Amino acid sequence: MSPERRREILRNAAGIGVAVGAYALSFGALSVAAGLSPLQTMVLSLVMFTGGSQFALVLVLGQGGSWPAAAGSAIMLGSRNLFYGPRVAELLDRPRGWRRLLTAQVTIDETTAMALGQEERAAARLAFWATAVSAYSLWNLGTLVGALGAALLPDPKALGLDAAAPAAFLALLAPRLRGREPWLVALAAAAVALALVPVVPAGVPVIVAALAAVAAGLRGKPVDP
Amino acid sequence: MIIWPAIIVGTVTCYLFKLAGLSIPERLLDNPRIRRIAALLPVALLAALTAIQTVATGSRLVIDARLAGVAAGAVALLLRAPFLVVVAVAAGTAALIRLL
C-alpha cells in the first residue's frame, strides 16, 4: 500500500467520523428529548453502537411504546449487521478470541463499507480499523454533547426536535429507496403503521409493518437486490 | 416509562447479531430470500418510523408543525444536503411554524 493510499484512507476515515459525530449530536439530543437520561443515552452509544437501532429504541420509547416494542424495533434494525460479518471476517483474516469480540462491536454500516471499498487486504484492514476508531470516538463525543445540550433545554418541542426525529429516519431511509420494490415496501409499511396507530399500543405498529415487509420478501420472487 | 430493560435487551441482542455474523460460515446467509428480507427490513422499519413520528401522537393521528418540518427536510434531502442540515431544516421549520 502506497503512502498516498494510506493517507487517503485515513482522511476518508476522519471524514466519516465527522459525519457520524454530527449524526450523534442529533441522536443525543433526541434521546434526552424522548425521556432517557444522559447516562442511559451514553450507555446506548458506548455499548449498542449502531445508529439506526439506537434512534428506533429511543423514539419508540418517546412515543409511549412498551420496552419490548422499543427493544424489538432496535433488534430488527440491528439485524442487518449480521450480514456484514462474513465479509468483514474474511477481510480481517477471521479474528479469534478477544479480537473477534472487539471486531464485532465495531462491525457497522460505515466500517464495513470502508473495508469493502478497498482493493488490497492491508488497505481493507487499515480502512476498517481507522473508521472504527474515528466513528466510535466521535459517535460517543457527539452523543455526549447532544445529550447534555438537550438536558439544558427547557422545551424540546419549541426547538422542533419532534420534527427532527422523523427527518432523521427519512434521511436514513432515502439512500435505500433505489428501484420500485423498496418504494412499494416503504409506502406499504408506512400505511400499515399509520392504520394501526389508533388500534394497537404504541410501538407495535412499527413491528407489524416490518413483519409485513418480511412476509412480502418471503412471498415475492427472489430477484437480484 | 420502563427504559433499562429496553436498553439491556436491545443492546445485548444487537451485539450478538454482530458477533454471530463474524462467526458463522457465509453460506448460511447466502440465500436469496434471506438477502431480500435483509434488504427490505430496514426499508420497512425506517418508513414506518418516519410516518409514525411525523403524524402520530400516542394513539392519535395529528397533523401539526411536524409534517411541515419533515416535508422541508425531504426537500433538503432532494437537494442532497448532509444529514445534520436535513435534521436542522426539519427542526427549524417546525419551530418557526409554532412561533408564527
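**Entry 1: the model and the two chains**

I noted first that this is a predicted model. Then I looked up where the chains meet: 85 residues of chain A are in contact with 66 residues of chain B. On the chain A side, the largest share comes from helix α9, residues 161-173, which supplies 13 residues. I also sorted that side of chain A by class and found 62 nonpolar, 19 polar and four charged residues.

**Entry 2: two domains in chain A**

Next I checked how chain A is divided. The assignment gives domain 1 as residues 3-157 and domain 2 as residues 177-225. Their centres, taken over C-alpha atoms, are 25 Å apart. I found ten residues of domain 1 of chain A in contact with seven residues of domain 2 of chain A. Which helix gives the largest share of the domain 1 side? I found that helix α4 of chain A, residues 67-78, does, with five residues. The domain 1 side of this contact holds four nonpolar, six polar and no charged residues.

**Entry 3: a look at helix α4**

Since α4(A) had turned up, I stayed with it.

Then I asked myself why α4(A) can be called largely enclosed by the rest of the structure. The reason is that eleven of its twelve residues are buried; a residue counts as buried when 20 or more other C-beta atoms lie within 10 Å of its own. Among the buried ones I wrote down W67(A), G72(A), S73(A), I75(A), M76(A) and G78(A).

What covers them? My list includes α3 (51-62), α5 (80-91) and α11 (204-219) of chain A, together with α1 (4-23) and α2 (32-55) of chain B. I liked seeing both chains in that cover.

The axes of α10(A), residues 180-196, and α11(A) come within 8 Å and cross at roughly 145 degrees. The crossing of α10(A) past α11(A) is right-handed.

For the contact itself, I noted V185(A), A188(A) and L196(A) among the residues of α10(A), and V204(A), P205(A) and A216(A) among those of α11(A). What classes of residue make this contact? I counted 15 nonpolar, no polar and no charged residues.

Methods. Residues numbered from 1 in each chain as written. Chains lettered and ligands numbered in written order. Predicted model: local features only at pLDDT ≥ 70, side-chain atom pairs only at ≥ 80, totals over all residues. Contact = placed C-beta atoms within 7 Å. Helix = DSSP H or I, 4+ residues; strand = E, 2+ residues; numbered from the N terminus. Nonpolar A, V, L, I, M, F, W, Y, C, P; charged D, E, K, R; others polar. Domains from an automatic or database assignment. Axes fitted to C-alpha atoms, helices over the stretch in contact; angles between N-to-C directions. Left-handed = near helix turned anticlockwise from the far one by under 90°.
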